[in-house]
Amino acid sequence: MRTTGFDTIIELYGVYIQLFPGDTIPKWGEIVAHTDHNIIIKITKIGQLNGFSCEYEIGKSYCISWSKFSCSFLTNRGSI
C-alpha cells in the first residue's frame, strides 16, 4: 500500500485537494480512486483562466500517474 503521510492511501478517498499547486491555472478536486500506478481526481473547481486554456473540466475525472501527481491537501471543503 502506498504511503502519503496518512497511514495509507485508502484514507485519502473523498479528500479534497488543490491539484498541482503553483500551476498558472489553479484546480481543485476530490480523490475518488487509485491504482498502483495512478490516482483518479474529480475536478470540483477551476480558478480564473486569465487568457490561458485549461485541459481540465469541472465535474470530469482524470487519471494521473503517481510519478506526475502533486497536490496540497485542503483542511475542509469550504476552502474551495
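The mean pLDDT of the protein is 85, and 81% of its residues reach 70 or more. Residues 1-7 form a stretch in which pLDDT stays under 50. For this stretch the model has 11 contacts beyond four places in sequence. Where pLDDT is low, the predicted coordinates should not be read in detail.

In soluble globular proteins, nonpolar side chains tend to be buried together. In this model, the largest nonpolar core has 16 residues, and the members that touch the most others are L19, I41, Y56, I64 and F69. Two or more residues of this core come from each of the elements β1 (16-19), β3 (38-46) and β4 (61-65). Strand β3 gives the most, with four residues. The surroundings of F69 illustrate how residues meet here: leaving out residues up to four places away in sequence, F69 touches I17, L19, F20, I39, I41 and I64.

Strands β3 and β4 run in the antiparallel sense and are joined over five bridges. Within this pairing, I41 stands opposite Y62 in β4. Which residues of β4 lie on its covered face, and which on its uncovered face? The covered face carries Y62 and I64, whereas S61, C63 and S65 belong to the uncovered one.

From the strands, the reader may turn to a loop. P21 is found in the loop between β1 and β2 (27-34). P21 counts as partly exposed because its relative accessibility is 35%, a value between the limits of 20% for buried and 50% for exposed. Although P21 and C71 are 50 residues apart along the chain, their C-alpha atoms are separated by 6.0 Å. When neighbours within four places in sequence are left aside, P21 is in contact with S70, C71 and S72.

Is K27 buried or exposed? With a relative accessible area of 4%, K27 is buried, because buried means under 20%. Beyond residues up to four places away in sequence, K27 touches I17, Q18, L19, F20, K45, C54 and Y56. Two of these contacts, L19 and Y56, are among the core members that touch the most others. A polar atom of the K27 side chain also lies 2.7 Å from the backbone oxygen of I25.

Charged side chains complete the account. Side chains of opposite charge can pair when their charged atoms come close. How many salt bridges does the model contain? The count comes to two. One joins the side chains of K27 and D23, with 3.1 Å from N to O.

Terms used: Residues are numbered from 1 along each chain as its sequence is written. This is a predicted model: local features need pLDDT of at least 70, side-chain atom pairs count only at pLDDT 80 or more; totals for chains, interfaces and linings use all residues. Side-chain values use heavy atoms; hydrogens and water are left out. A nonpolar core is a set of buried Ala, Val, Leu, Ile, Met, Phe, Trp, Tyr and Cys residues joined through side-chain atoms within 4.5 Å. Buried means under 20% relative accessible area, exposed over 50%, partly exposed in between (1.4 Å probe, protein chains only). Contact means heavy atoms within 4.5 Å. A polar contact is a pair of N or O atoms within 3.5 Å; within protein, one must be able to donate a hydrogen and the other to accept it, and residues adjacent in sequence count only if both atoms are side-chain atoms. pLDDT is the predictor's confidence in each residue, from 0 to 100. A salt bridge is a side-chain nitrogen of Lys or Arg within 4 Å of a carboxyl oxygen of Asp or Glu. Two strands pair if DSSP finds at least two bridges between them.
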